[in-house]
Amino acid sequence: MSEYEVCAVLPVFNDREALETAIPASLGALEEITGSFLLVVAEDGSTDGSPELVREWEKRDPRVRLFHSDERLGRGEALNRAFRSVDADIVCYYDVDLATDIAHLGELIGAIRDGYDIATGSRLMRESDIVRTQEREVASRGYNMLVRTVLGSTLQDHQCGFKAFRRSRLLPLIPEVESHHWFWDTEVLVRGQKRGYRIKEFPVRWRTSDKTTVRFKDVFEMGSAIFRLRWQLHAQKD
């Protein structure tokens, strides 16, 4: 039996201001879902005082834990490190800016309790309630269409930072996932589908953040990663 039922992970890079809201909001939401949880802040080489803030929380609340890295690992690798290290039946993560309404956390974790291997929020389903610029909307829809076309995914939104996993099913996937940064989300979902994992995608309320750290370089690299993953999957078949 695992030490915790649920471990929620906040991937963080220079997000002290967002953490001041996200930590208490997360604790409150998790308390409503389970009495057995851990909140991990996967802090990835921050220089803005983020680790110091989390250490203060650790002293006050044993349900909060800091995973600190002196050097930048990349968002995906920071998540891998946290998911490997914790002892929980269900692991999840969401963006520290709480762009996805944290009210959906119960539904996210509930999907894994109901037998799904992976659950993911979606900004692109018909029932989704999202606010963002037209430019970002077009870019997101174009990217996800490319993923479906090139990689054969049946999901609508691969990059929503709001996902949960049955840890025993996620761990075998992690060694296969080569992306260490933003493409991690897409690669996990695509590889999970190739393994026949049960995946629940559901609409969410989502509001854009003006502090997003995704750069043009990240978008270009993610586009290139789609075709690289296609080649890898094809090579594995052979």
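1. Helices (H or I, at least four residues) and strands (E, at least two) are DSSP runs, numbered from the N terminus.

2. Please keep in mind that this is a predicted model, where local features need pLDDT of at least 70, side-chain atom pairs count only at pLDDT 80 or more, and totals for chains, interfaces and linings use all residues. Residues are numbered from 1 along each chain as its sequence is written, and side-chain values use heavy atoms, without hydrogens and water.

3. Now the sheet: it is open, with 7 strands in the order S3-S2-S1-S4-S7-S5-S8 and mixed pairing; two strands pair if DSSP finds at least two bridges between them. S3 and S8 (199–203) are at the edges with a single partner strand each, so one side of each has no neighbour in the sheet.

4. Both senses of pairing can be seen. S2 (residues 37–44) and S3 (residues 64–69) are parallel over 6 bridges, and Glu43 has His68 as its bridge partner in S3. By contrast, S4 (residues 88–94) and S7 (residues 162–166) are antiparallel over 5 bridges, with Ala164 of S7 as the bridge partner of Cys92.
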